[in-house]
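Here's a quick briefing to read with the model open beside you. Take a look at the fold first, then work through the notes below.

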Amino acid sequence: MTSTAQPNLDPYVSKAENNNASPHEKIKDLHEIIKSVEIGMLTTRASNGQMHSRAMAPTALQSDTQTSLIFFANNASQKFDEIENDAHVNVSFNNAKTTSWASYAGIAKISQDKELIKRHWHTGLSAWFGDLKDGVHKGDENDPRVAIIEVIPDEIRYWIATKGTVGRALETGIHAVTGGVSVPGELRTITSAEIQLTQGLHRK
Ligand SMILES: Cc1cc2nc3c(=O)[nH]c(=O)nc-3n(C[C@H](O)[C@H](O)[C@H](O)COP(=O)(O)O)c2cc1C
């Protein structure tokens with residue numbers, strides 16, 4: 001049976017969901033998760049329907065309200081064909097230590113804007129490209145393979161752990177005995193409207 005969400009049958013989500021924080025607070029906590037993890041998994045969809053994920057390191061967040069993610073990538077790689085096939089992508093982050101995680105559902109925009117590349121480029125990125133010794137593909141910021149994938153989210157969902165390891169173990173143990181659900185954190189959504197609002201405010 002397929003079902004749309006049934007909150008009464010899913011006490012974990014009902015109990016964990018908390019969207020009382022302001023959009024700015026939610027983005028601030030989201031940034032903490034991203035900064036703690038550093039590497040996300042970018043998922044794209046191939047023309048045969050297969051979903052492929054790979055590790056990607058977003059560039060440093062530039063403002064307190066940034067909701068988009070910026071990645072450098074080689075435009076000869078498979079993910080570009082897949083984004084061309086379907087621009088809908090997901091980027092997920094998972095902190096195995098705290099259990100906090102985040103999931104961006106959005107649209108990937110490909111760019112080779114020189115100014116954008118210059119603004120975010122750092123020499124460590126050369127490792128993803130390599131110098132092909134042909135005088136053109138040098139693995140620097142002027143290399144024609146260097147492209148930016150900007151993920152503009154429609155919606156961001158994340159779980160932020162509010163209890164440490166001991167608290168989580170305690171909570172899980174108690175609820176395993178009592179039949180309750182263990183919710184040592186908060187499940188939050190940054191909606192499309194909130195994203196638009198904060199990005200609009202940011203542009204001013
Ligand atoms: C820790 C880590 C970070 C990575 N970050 C990037 C990145 O920022 N950009 C990139 O193009 N590839 C990055 N890669 C390589 C990708 O995971 C992937 O192998 C490569 O982009 C080719 O992917 P594709 O063939 O699916 O397009 C990273 C790999 C690792 C292990």
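Let's start with T198, which touches P23, H24, I27, T65 and T67, leaving aside residues up to four places away in sequence; contact here means heavy atoms within 4.5 Å. Keep in mind that this is a predicted model, where local features need pLDDT of at least 70, side-chain atom pairs count only at pLDDT 80 or more, and totals for chains, interfaces and linings use all residues. Residues are numbered from 1 along each chain as its sequence is written, and side-chain values use heavy atoms, with hydrogens and water left out.

**T198**
- T198 sits in helix α6 (residues 192-203); helices (H or I, at least four residues) and strands (E, at least two) are DSSP runs, numbered from the N terminus.
- T198 is buried, with a relative accessible area of 0% (buried means under 20%, exposed over 50%, partly exposed in between, using a 1.4 Å probe and protein chains only).
- Its side chain makes a polar contact with the side chain of Q199 at 3.0 Å (a pair of N or O atoms within 3.5 Å; within protein, one must be able to donate a hydrogen and the other to accept it, and residues adjacent in sequence count only if both atoms are side-chain atoms).

**Nonpolar cores**
- The largest nonpolar core has 26 residues, and L30, V91, F93, Y104, I149 and V151 have the most contacts inside it (such a core is a set of buried Ala, Val, Leu, Ile, Met, Phe, Trp, Tyr and Cys residues joined through side-chain atoms within 4.5 Å).
- At least two residues of this core come from each of α2 (23-37), β3 (69-74), α3 (78-85), β4 (88-94), β5 (101-111) and β6 (146-161).
- β6 gives the most to this core, with six residues.
- Apart from this core lies another, of nine residues, including F72, I117, L125 and V146.

**Around the ligand**
- The ligand's surroundings are I39, R54, A55, M56, A57, F72, A73, S77, Q78, K79 and W128, each with a heavy atom within 4 Å of it.
- β2 (51-56) supplies the largest share of this shell, three residues.
- A polar side-chain atom of R54 lies 2.8 Å from an oxygen atom of the ligand.
- Backbone N or O atoms also come in: one of A55 is 2.7 Å from a ligand oxygen atom, and one of F72 is 2.7 Å from a ligand nitrogen atom.
- The protein covers 66% of the 620 Å² of accessible area that the ligand has on its own (Shrake-Rupley method, 1.4 Å probe; for residues, only the protein chains shown count as cover).
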